[in-house]
Amino acid sequence: MIPSAARCGEHPEVAAVDVCKRCGRFLCGDCVELVGEDAYCAACAAKVALPLSKVARLAVALALFGWGVVGVAVLTSREHPLGVLAVLLPGPAGLVAMVVAVLEWRRARRAHGEQRSQRVAFVALVLAAPLFLLMSVLVAYGVFMVTR
Ligand SMILES: [Zn+2]
Ligand SMILES: [Zn+2]
């Protein structure tokens with residue numbers, strides 16, 4: 001609870017509306033930085049880190065799944081060609097991972113305490129982009145060979 005006489009630590013003329021969860025300093029509306037649901041001062045908001053977001057994890061998982069299918073398809077192509085499956089799964093997985101990674105990266109960049117999610121979303125993008133490009137080239141090549 002904030003005493004009604006409490007003033008902002010930065011702006012003594014302004015009434016405090018919240019308390020920094022980390023250092024306990026009083027904050028006015030302008031000074032409150034939200035990290036998730038909690039209020040912090042600017043200095044503390046930069047220090048607290050939220051756990052890795054599920055969305056960033058999902059983007060990485062999708063990209064790895066796509067590469068996994070490509071890997072299995074390449075390794076088993078001699079004995080039993082997965083052919084269609086190898087093209088149908090990684091392409092869309094790469095595309096979805098790419099879109100999710102970009103959206104999550106942009107969200108995390110604007111949020112406080114989301115540095116980890118931002119980094120992981122970037123990793124997902126780096127994994128997913130070449131996967132999608134590779135699959136696009138393969139599909140284009142396949143279409144070219146079929147329609148020739
Ligand atoms: Zn603080
Ligand atoms: Zn203030």
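This is a predicted model: local features need pLDDT of at least 70, side-chain atom pairs count only at pLDDT 80 or more; totals for chains, interfaces and linings use all residues.
The secondary structure of the protein chain consists of 5 helices and 4 strands. In sequence order, these elements give the pattern β-β-β-β-α-α-α-α-α. The radius of gyration is 24 Å, well over the 15 Å that the globule rule gives for 148 residues, so the protein chain is more spread out than a compact globule. The C-alpha trace spans about 80 × 25 × 20 Å along its principal axes. Of the 148 residues, 30% are buried. Where contacts between residues at least 6 apart in sequence are considered, 49% of them join residues at least 24 apart.

Two packed helices are described by the angle between their axes and by the distance between the axes. Helix H2 covers residues 54-75 and helix H4 covers residues 90-110; their axes lie 8 Å apart at an angle of about 155°. Angles over 145 degrees count as roughly antiparallel, and H2 and H4 are therefore roughly antiparallel to each other. The crossing in which H2 passes H4 is left-handed. On the H2 side, the contact is made by Val 55, Ala 56, Leu 58, Ala 59, Leu 62, Ala 63, Phe 65, Gly 66, Val 69 and Val 70. The H4 side contributes Pro 90, Ala 93, Gly 94, Val 96, Ala 97, Val 100, Ala 101 and Glu 104. By class, the residues of this contact of H2 with H4 comprise 15 nonpolar, 2 polar and 1 charged.

One of the H4 residues in that contact is Ala 93. Ala 93 has 24 other C-beta atoms within 10 Å and is therefore buried, the cut-off for this class being 20 or more. When residues up to four places away in sequence are not counted, Ala 93 touches Leu 62, Phe 65 and Gly 66. Ala 93 and Arg 148 are separated by 55 residues in sequence, and their C-alpha atoms are 28 Å apart in space.

Helix H4 also packs with helix H5, which covers residues 115-147. The angle between H4 and H5 is about 150°, and their axes are 7 Å apart. That angle makes H4 roughly antiparallel to H5. H4 passes H5 in a left-handed crossing. The residues of the contact of H4 with H5 divide by class into 18 nonpolar, 5 polar and 2 charged.

The remaining pair described here is H2 with H5. The axes of H2 and H5 come within 8 Å and cross at roughly 25°. Angles under 35 degrees count as roughly parallel, and H2 and H5 are therefore roughly parallel to each other. The crossing of H2 and H5 is left-handed. In this contact, Ala 56, Arg 57, Ala 59, Val 60, Ala 63, Leu 64, Gly 66 and Trp 67 of H2 meet Ser 117, Val 120, Ala 121, Val 123, Ala 124, Leu 127, Ala 128 and Leu 131 of H5. The contact of H2 with H5 has 13 nonpolar, 2 polar and 1 charged residues.

Notes. Residues are numbered from 1 along each chain as its sequence is written. Chains are lettered from A and ligands numbered from 1 in the order in which they are written. Axes are lines fitted to C-alpha atoms, for helices over the stretch in contact, and angles run from 0 to 180 degrees between N-to-C directions. Helices (H or I, at least four residues) and strands (E, at least two) are DSSP runs, numbered from the N terminus. Angles under 35 degrees count as roughly parallel, over 145 as roughly antiparallel, 65 to 115 as roughly perpendicular and the rest as oblique. A crossing is left-handed if the near helix is turned anticlockwise from the far one by less than a right angle, and right-handed if clockwise. Two residues are in contact if their C-beta atoms, placed from the backbone, lie within 7 Å. Ala, Val, Leu, Ile, Met, Phe, Trp, Tyr, Cys and Pro count as nonpolar, Asp, Glu, Lys and Arg as charged, and the others, Gly among them, as polar. The radius of gyration is taken over C-alpha atoms; the globule rule is 2.2 Å times the number of residues to the power 0.38. A residue is buried if 20 or more other C-beta atoms lie within 10 Å of its own, exposed if 12 or fewer, and partly exposed in between; C-beta atoms are placed from the backbone.
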